[in-house]
Amino acid sequence: MKTVYIILLSLISYSAFSQVEISGTVLDSKNIPIEGANVYIEGSYDGTTSNAMGEFHFQTSETGLQTLIVSFLSYETYKLEADVSMFITITIKLREDVNALDTVVISAGTFEAGDNSKVSVLKPLDVVTTASAVGDFVGALQTLPGTTTVAEDGRLFVRGGDANETQIFIDGIRVFTPYTPTTNNIPTRGRYSPFLFDGITFSTGGYSAEYGQALSSVLLLNTIHEPEQNKTDIGIMSVGGSLGHTKKWEKSSLSVNGSYINLAPYTAVFPDRNEWDKPFNGGSGEAVFRRPFNSGILKLYTAFESGGFALTQEDINAPEGVYYKLKNNNLYFNGSYRGVLSDNWTIFGGLSYTYAHNDIQVFLDDINDTENAVHAKFKLKRRFSNRFKLHVGAEYFSTDFNEKYESPVTDKLSYGFKNNISAAFTEADVIFSKKFALKGGLRLEYSGLFNEVTISPRLSLAYKTSKNSQISWAYGNFYQNPDSSILKFEQDLQAQKTTHYILNYQLNRDGQIFRAEAFYKDYKNLIKYNTEFVGLNSDFNNQGFAFAKGIDLFWRDNKSLKNIDYWVSYSFLDSERDYLNYLEPATPNFANTHNLSIIGKYWVENWKSQIGLSYNFASGRTYTNPNLDGFLNQKTKSYNSLSLNWAYLVTPQKILYVSVNNALGFNNINGYQYANSPDVTGNFASRALKPAADQFFFIGFFWTISEKGTDNQLNNL
C-alpha cells in the first residue's frame, strides 16, 4: 500500500509540476479593457474569461505548439499560434467585427431600394404605391433627388445627363432596350413588371468598376430570389388587364406574368390633343425560373412585348398634322448563376440576348430597324478576410444594328453598324474598421468599332461620424460609346467620357433617413454634328463638352406621425453643354435648375385604405425663341403636378385601386415649336408643346389567390 501512495503522490506532483501558467490582458482598439472575453486553448477544456481589468490567467497541461483563442461578441475572434510557453503576460487587442449591422456602408451616389439592404430609402412596395409612378419603377425613381422632370419623355435623366446615359441591368446583366418605343410628347414606360423584383439599386454616379458604358447612372434590378408560396395575381384595369402565377416545387419555382393594354376605350372617354387612328394596344409577358442548388442558384428570366399605335399630331409647319405609326416587337432573355466555390470564393456568370424590331411610318416614309444584342459576364470574388475582398471579372458586349429607309422621293437606303466591346475589371473592398472603408477599382474596355482602349479608375471612401451618421466620397472616370441614333450614320468616332466627384452625408435612424450629396461632373468627347437633324449628310466629331454640378437632398420619415409615411427630395442643378447641333454652350433643354418631390402615404385603419399623394415641381426648361437673339435663350414656366391615389382593401387578397395624375389640371408646357419661316411682320409664329393629356385616370382591381394568404395589407397591390 505504501508503494501505491508513493506512485500516486509522484503522479500528482508531476502533474502539478507540468502545468503551464497562461496570462495576459484583453483590450479593444482604444486600449480599453474588455470584460467577459472567452480565452481558451483550442481543442482543450483549459480556459477562462477576462475580468473587469481585461486580465485573464489559467493553467494548462498542454505542451508544444498550441492555438490560443480569444473571442467576444461584436469583435473578431483572435487566434495566436505559438508554443504554450509564449502565452505569458501577453496583450491582446480585439478588432471590431466589421460584419456588424452598424458598420459603415459606402453610399456616395447610391440609393438602395429593397428589404435586404442595410440602408434602404425605398421599399419594393413603394414602386406601386407612389401616386405619380402609376406602377412603373422608373416613375417611382423619378421622385428621388438627382433626377430631372422631363414629363413628355418618361425616361431617367440623371444629374445633367440625357436619358441615354443611364443603363439598366437585371440580375447584373445589361438590358439594351429597357423602354417601350414612343413618339414626340408621349412619355414612354419601363417594360418590366415591378412585381418580379425585390431589390433596386439606383446609382446616380460614382458606381462600381463592374459596370460600364454609362456616363451618368446605372439602375440595377434584382429578381425575387425565392417566392414564399404558390399564388395567382389577377388585375382588371381601366386600360387593360393582367394575370400572374407563381408555382413552387421542391427544388425550383416559376413565376409568369402577362398583361394586355388597349387605350382605345380610354381615349374615347378622355380624348387628348392627338388624333388617334389606332390608340396604343399591346401585350407583354414575363417569366422567371429559379433553381437553387446546394452552393448556388440559377435564374432564367425572359420578357416579350409586342405593341403599336398610329396617330396624327399637331404641327405648326404641317396644317394637316404629322402622321406617325409604330409597331414594335421586343424579346429579352437573361440567364445567370451565382454560387459559392469554397469558403472564400464565389462565382457569378450571366448572359443576355435582346431582339428589338421597329416598323415606323412618318408621313409616307417607312423606317424599319432591327437590333440584336448580347451581353456576357463572368465574375469571381475572393474573400481574404472580413476586412478585405477582391472582385475580378470580364464581360463582352455585342450589338448588330440595321436600319432600312424607304421614301417615295428617294432611293431605298440601308445602313447600320456592328460593335463589339470587351472589358475586364477588378475591384477591392477594404474595411479598415467599423468606421472607415474603401472601395477601389479599375475598368479596362476595348471597342472593336473604334479600335480604342479606355481605362477607368474608380474610388470610394466612407467614414462613420457617429452611431447613425456617416460621410462618403467617390471619384471615377466613365466611358460610353455613342448610341445607335449616331452610330448608324457614323462609326469613325471615339468613346464619350465623364468624370464624377461626389461628397455625401447620410443620417439613418429608426424610421428616418436623411441624405445630402454634392456632385460635379466633367464631360469630354461628346458628339457634335452640323445639321438640324442627324442623318447621313451630317458631319460628326467628338469635340463636344459639358459640366454638371449641384446638390441633392432627401428626407424620409415613417416614425414621427402615426400611420403616415412621407419623403421629400430636392435637387439643385447647374449644367451647361455644347454637343449635338448646339450653336454654343448652353443649359440643355432637358435640365431643370430646381426639382422638388413630396410623397405622402396615410393608412386609414377604419377605412382599410391607404391614401397617397405625390407633388412634383420643376423650374422652367430652356428653349430657343428665333424672334430673339441667342441660342436656348428662353425658359418655359415651372412644371407642377399633384397626383392622388387611393387603395381600398376589400379583403386581405382583394384591393381596389384608383389614381389620377395632375389632379388639379395644371397647364404645363414642355416647350414651344416655331414656324420654319417668318410671317409678314418678320416674326416666327409659335405654338406651345403641352402634354398629350393633362390628366390621367387609372382604376384597377387586384385579386391575389394564395395558399397562405398575406400578412401585409398592401403586399399584392
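Q: Which residue in strand 30 is the bridge partner of Ala546?
A: Arg577 is the bridge partner of Ala546. This is a predicted model: local features need pLDDT of at least 70, side-chain atom pairs count only at pLDDT 80 or more, and totals for chains, interfaces and linings use all residues. Residues are numbered from 1 along each chain as its sequence is written, and side-chain values use heavy atoms, with hydrogens and water left out.

Q: Why are residues 540–557 called a strand?
A: A strand is a DSSP run of E, at least two residues long, numbered from the N terminus. Residues 540–557 form such a run, so they are called strand 29.

Q: Why do strand 29 and strand 30 count as a pair?
A: Two strands pair if DSSP finds at least two bridges between them. Strand 29 and strand 30 (residues 564–578) have 13 bridges, so they pair, in the antiparallel sense. They form a hairpin with six residues between them. In the turn, Asn563 has a positive phi of about 65°.

Q: Why do strand 2 and strand 3 count as a pair?
A: Strand 2 (residues 38–41) and strand 3 share three bridges, so they pair, again antiparallel. Val39 stands opposite Thr48 in strand 3.

Q: What makes strand 3 and strand 6 edge strands?
A: The open sheet has four strands in the order 3-2-5-6, with antiparallel pairing. Strand 3 (47–49) and strand 6 (78–83) each have a single partner strand, so one side of each lacks a neighbour in the sheet.
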